[in-house]
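Subject: Structure handover

Hi,

Here is the structure I said I would pass on. Have a look at it first, and then read my notes below.

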Amino acid sequence: TTTKPDISREKSAELFAKAKTYFPGGVNSPVRAFKSVHGTPLFIEKGDGSHIWDADGNEFIDYCGSWGPLILGHNNGKVREKVISVMQNGMSFGAPTALENELAELILKNNKYIQKLRFVSSGTEAVMSAIRLARGYTKRDKILKFEGCYHGHTDSLLVKAGSGLVTFGETSSAGVPKSFADETIVIPLNDEQALEQAFANFKDQIAAVIIEPIPANNGLLLQEKEFLKFLRIICAQNGTLLIFDEVISGFRVGFEGAAGHYQIKPDIITYGKIIGGGLPVGCYGASAEIMGHISPDGGVYQAGTLSGNPVAMAAGIAQLTELLRMGFYRELNNKTQEFTEAIQRFATARNYKFKVFTIGSIFWFAFTDKEAIRSADDIDPASMDKFKKLHRELLNRGIYFGPSGYEVGFISAAHTKIDLEKTKRAIFDSLELVFSN
Ligand code: PMP
């Protein structure tokens, strides 16, 4: 196997140079800038099924899937047709429409973990609102989060662990007041002792614990069910609300997301990504009692000009309808399992320090020999050099992964056997090169 020549990025480079004059870093969301991998970002022109095409005409099999929403693949016919038909009647009214009821009904009839919900326009907004709801409901201020979980860019959650095991967090972004970070406690994942310590240190002060029950923003840090159960219990004992941030896991590992997968009922759940079929939708939901605290029924204010936007609702309705078809998740998850097992077999046979972690149709490649990676600290930052090399080799073989080794990959219903076979061969060749020197 030999290194492939780099694909042409002439047009992308031209567009990127222009974009840099308009946007900080040339992008409208930082990770897109390809800072941690090789070359300029690819400007995408078209997507269809599992494939995308860039401005230079390069074609790729895509495993980023717009960072998770596209569980049916790109430009799915059912989603597109529904969106177009709804758009014929106008694009926004700022007044209630039947489409909001329709999407809510699809969700609530098939999800036993929430009774009422509110639509917003992004995952960040969903989480921000869920936090305010928890604070308003409990009349407490502090929240607890875990190192290695990402919950969007809301101020109080752009906080990383401070020094010492159970302390106030430190801001992880300029522009977040220290006094905000002081309301956030950060502890490691998978650590029952740290959790107990935090509840002891901040007795009757913690409004909510927020967790990605399937942490997928810092590698895939799969938690043991026992830990999540412990979390559920300790929250209940302390009058603290448990928030599952299911912006990635919701409708991904099953229609009921991680709550359904682990059969654990959190107090509030946030959704995003898949729920909007590729258009901007987020949502938070809880029991009718807790949701009764949201304005205009209750005193917790939350609103949005484009919330429940009819076009976005249409995309969500079309996509979720497909997910409810018999056997949808079984087929998708089996396909993913076969794919990841084949890659692991290859790597193991060659004694590579390489592990594929996976759940549902999410997967993550880790350059490690650890059997499990359950907390952010378990990841060796130096291993990211290997990812960088892998990413370049894969792009040059027509395989598109998210441009960071901390990001997970997604398989969609549109990925065919041929796609996956082609991808496996590209991965085998690329791994050989990555581990050859
Ligand atoms: N929570 C989680 C778990 C996420 O993965 C993300 C986005 N990757 C967010 C919240 C923020 O969502 P958005 O980017 O739509 O604001």
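I'll start with the hairpin of strand 14 and strand 15, which has two residues between the strands and in which glycine 360 takes a positive phi near 55°. Before going further, please keep in mind that this is a predicted model.

If you want a spot to look at, isoleucine 359 has isoleucine 362 in strand 15 as its bridge partner.

Is strand 14 enclosed or open to the outside? Five of the five residues of strand 14 (residues 355-359) are buried, so the strand is largely enclosed by the rest of the structure. As a rule, side chains in a regular strand alternate between the two faces of the sheet. Here Lys355, Phe357 and Ile359 point one way from strand 14, while Val356 and Thr358 point the other way, and all are buried.

Strand 15 and strand 17 run antiparallel and are joined by two bridges; phenylalanine 363 has glycine 409 in strand 17 as its bridge partner.

On to the overall layout. The chain is divided into domain 1 (10-75 + 327-434) and domain 2 (77-323). Taken over C-alpha atoms, the centres of domain 1 and domain 2 are 25 Å apart. How many residues does each domain bring to the contact? Domain 1 gives 24 residues and domain 2 gives 28 residues. The elements above come back here: helix 11, strand 14 and strand 15 each supply at least two residues of the side of domain 1 that touches domain 2. Strand 15 gives the most to that side, with three residues. By class, the side of domain 1 that touches domain 2 has 16 nonpolar, six polar and two charged residues.

There is a nonpolar core to look at as well. The largest one has 122 residues, and those with the most contacts inside it are Ala134, Ala208, Val209, Ile243 and Ile268. This core draws at least three residues from each of domain 1 and domain 2. Take alanine 208: leaving aside neighbours within four places in sequence, this residue is in contact with Ile131, Ala134, Ile143, Thr240, Leu241 and Ile243.

Another residue I looked at is phenylalanine 244, which is found in strand 11 (residues 241-245). Phenylalanine 244 counts as buried because 30 C-beta neighbours lie inside 10 Å. Not counting residues up to four places away in sequence, phenylalanine 244 touches Ile211, Pro213, Ala258, Ala259, Pro266 and Ile269.

There is also a second open sheet for you to find, with four strands in the order 1-2-3-16 and mixed pairing. Strand 1 and strand 16 (399-400) stand at its edges, each with a single partner strand, so one side of each is without a neighbour in the sheet. Strand 1 (residues 44-48) pairs with strand 2 (residues 51-54) in the antiparallel sense over four bridges, and the bridge partner of isoleucine 44 in strand 2 is aspartate 54. Strand 1 and strand 2 form a hairpin with two residues between them, where glycine 49 in the turn has a positive phi of about 60°.

Last, some backbone details. Most residues other than glycine have a negative phi, and most peptide bonds are trans.

- Aspartate 204 is exposed, with 11 other C-beta atoms within 10 Å.
- Serine 295 and proline 296 are joined by a cis peptide bond, with omega about 10°; proline 296 sits in the loop between helix 9 (288-291) and helix 10 (310-323).

Cheers

Key. Residues are numbered from 1 along each chain as its sequence is written. This is a predicted model: local features need pLDDT of at least 70, side-chain atom pairs count only at pLDDT 80 or more; totals for chains, interfaces and linings use all residues. A residue is buried if 20 or more other C-beta atoms lie within 10 Å of its own, exposed if 12 or fewer, and partly exposed in between; C-beta atoms are placed from the backbone. Two strands pair if DSSP finds at least two bridges between them. A nonpolar core is a set of buried Ala, Val, Leu, Ile, Met, Phe, Trp, Tyr and Cys residues joined through C-beta atoms within 7 Å. Domain bounds come from an automatic or database domain assignment. Two residues are in contact if their C-beta atoms, placed from the backbone, lie within 7 Å. Ala, Val, Leu, Ile, Met, Phe, Trp, Tyr, Cys and Pro count as nonpolar, Asp, Glu, Lys and Arg as charged, and the others, Gly among them, as polar.
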